[in-house]
Amino acid sequence: MASHPPVSHDGIDWEGALWECIAHLQALIRMDTVNPPGREIGVARYLDDVLRGAGIETTLMEPAPGRAALVARLKGNRSKRPVLMMAHMDVVGVEREHWKTNPFGGEILDGYLYGRGAIDDKGMLAVNLQVMLLLQHHLVRAGRILDRDVIFVATSDEEAGGEVGIDWVIANHPAILEAEYALNEGGRVREVDGRPLYAAVQCGEKVPHNLRLLATGSPGHAAIPLPDNAIVRLGRALAAVGAHREPLELGPITERFFAGMASLWPDAVLRQAFSDVSSGDPARRGRGATVLESHPVFNAVLRNGISPTMVSAGIRANVIPGEASATLNVRLLPGQSIDDLVARLHAAIGDDGVRIVVESRGEEAPPSPDDTGMFVAIRDAVAALAPGVPALPFLSTGATESAPLRRAGVRAYGLLPFPLTEEDEGRMHGHDERVSVSSLEFAVRLTWQVMTRIGTA
Ligand SMILES: [Zn+2]
């Protein structure tokens, strides 16, 4: 990211806002909220102090010792329903020995701010905080009126999907469900060759389920090999699962996403594949899908996904166990049935000695349409900051806190607002997670643009 085109003369000191945001992000990173155990209360108190110090009304809640949820509200004239700005305060763990900086140091090196959570999700948390402050200083205090309340929500326990996360907030502070829209993580602004190429706005997500494969066989002494050894049986079943391909299923979000990518992706072969797969012509669709199959991230939005993640069998070296099991993490496309998938897996495995048990069922959420005022605000905000860069509706393979909001009637959109290269995106949950200073500047401006567009007439 070199430089950005100037935006309208809004009287904001963007350089000052950027460095204020950076200071907040550094402070947030320096508070270790690795989940488990989370300990988000320190972050929540920090946010609470900053927001209240600016004269913004807050509610700090403690769902469990050390855990927290913070809700802050800027009041509008309420001619429209509120809009939420979401982010979670917890982060995933680190393997310190693989980091070149202190993961909880918030150091800036060569134009990048490093630290666990820089991308996921303290970066967005700091940007949302900064935009709340900007809205308060440059709009509310300046006497301009918001059409709707802007509600800042910081949650705990997102990474562990636990009991004190968004579901707790919804149950204990249901006022947030009055919102018409929400802005959350889950999308992407992809940077290629130093500039944003497209913004993928998450409008829906795959639904996670867990299955257990259970193979049984005759137990016995290992000195006498048995033909129905449960471990061997499980191995054959897993090989069949690995070879199994779920049917191609192109939903409307993914079709529009690939149609948009067909005109902007740098590589000609993939451009053709995107065009084919979104063409509506069954033969071309199949051809495109075959090309995309060798790219796991694209393949994952074209069909249901099945990943074996854990295996368990045996108690000691000289005992043949009577049972062996494996966990399969399944991500279903919207509108698909886990029971139908289980039936297809049964057929693919073809062994009655292997049972498939549904261990946990995910809950589907209706997608957020890509023609609402909020989607348009995001699209126009992106185009104002990066002319010619489109906002494309996007189905994410990962689950976010947007799903429970969508189920409750809030139209949530995922937009991680920093332009990220593919390489930097790979550092999310990995080593040396970082966000560039220029990306952060773009993120603050973009989020400000989105919120002023949706929040004022
Ligand atoms: Zn996250």
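**Entry 1: loop between β5 and α3**

I looked up D121 and found it in the loop between β5 and α3 (122-140). I take helices (H or I, at least four residues) and strands (E, at least two) as DSSP runs, numbered from the N terminus. The peptide bond from D120 to D121 is cis, with omega near 5°. The model is a predicted one, in which local features need pLDDT of at least 70, side-chain atom pairs count only at pLDDT 80 or more, and totals for chains, interfaces and linings use all residues. I number residues from 1 along each chain as its sequence is written.

**Entry 2: other backbone exceptions**

I noted as background that most residues other than glycine have a negative phi, and most peptide bonds are trans. N35 and P36 are also joined by a cis peptide bond, with omega about 0°. P36 sits in the loop between α1 and α2 (41-53).

R39 is likewise found in the loop between α1 and α2, and its phi is positive, near 45°. R39 is partly exposed, with 19 other C-beta atoms within 10 Å. The terms follow a count of other C-beta atoms, placed from the backbone, within 10 Å of a residue's own: buried at 20 or more, exposed at 12 or fewer, and partly exposed in between. D157 lies in the loop between β6 (150-155) and α4 (166-172), and its phi is positive, near 60°.

**Entry 3: the sheet with β5**

I traced β5 into an open sheet of 3 strands, ordered β4-β5-β19 and paired antiparallel. Two strands pair if DSSP finds at least two bridges between them. β4 (108-109) and β19 (434-436) are the edge strands, each with a single partner, so one side of each has no neighbour in the sheet. Helix α14 (residues 437-455) packs on this sheet and touches β4, β5 and β19; the direction of α14 makes about 75° with that of β19. I use contact for residues whose C-beta atoms, placed from the backbone, lie within 7 Å. Axes are lines fitted to C-alpha atoms, for helices over the stretch in contact, and angles run from 0 to 180 degrees between N-to-C directions.

Strand β5 (residues 112-114) is joined to β19 by 3 bridges. Within this antiparallel pair, L113 stands opposite V435.

**Entry 4: α1 against α14**

I looked up how helix α1 (residues 14-30) meets α14: their axes come within 10 Å and cross at roughly 110°. That makes the two helices roughly perpendicular, a term for angles of 65 to 115 degrees (under 35 is roughly parallel, over 145 roughly antiparallel, the rest oblique). From α1, the residues W14, A17, L18, C21 and I22 meet V437, L440, E441, V444 and R445 of α14. By class, this contact holds 8 nonpolar, no polar and 2 charged residues. The classes are nonpolar for Ala, Val, Leu, Ile, Met, Phe, Trp, Tyr, Cys and Pro, charged for Asp, Glu, Lys and Arg, and polar for the others, Gly among them.

**Entry 5: the sheet with β10**

I recorded an open sheet of 4 strands in the order β12-β14-β10-β15, with antiparallel pairing. β12 (305-313) and β15 (354-360) stand at its edges with a single partner strand each, so one side of each is left without a neighbour in the sheet. On average, neighbouring strands here are turned by 25° against each other, direction ignored.

Which residue of β15 is the bridge partner of L213? I found I356, within a pairing of strand β10 (residues 207-216) and β15 over 6 bridges. Helix α10 (residues 338-349) packs on the sheet, touching β10, β14 (323-332) and β15, and its direction makes about 155° with that of β15. I counted 10 bridges between β10 and β14, where A215 stands opposite A324. Between β12 and β14 there are 8 bridges, with N329 as the bridge partner of S307.

I checked strand β7 (residues 181-184), which runs parallel to β17 and is joined to it by 4 bridges; L183 has Y413 as its bridge partner. Strand β17 (residues 411-414) is covered on both faces, with R411 and Y413 buried on one side and A412 and G414 buried on the other.

The domain assignment gives domain 1 (14-185 + 416-455) and domain 2 (247-303), with bounds from an automatic or database assignment. Their C-alpha centres lie 33 Å apart.

Notes. Contact = placed C-beta atoms within 7 Å.
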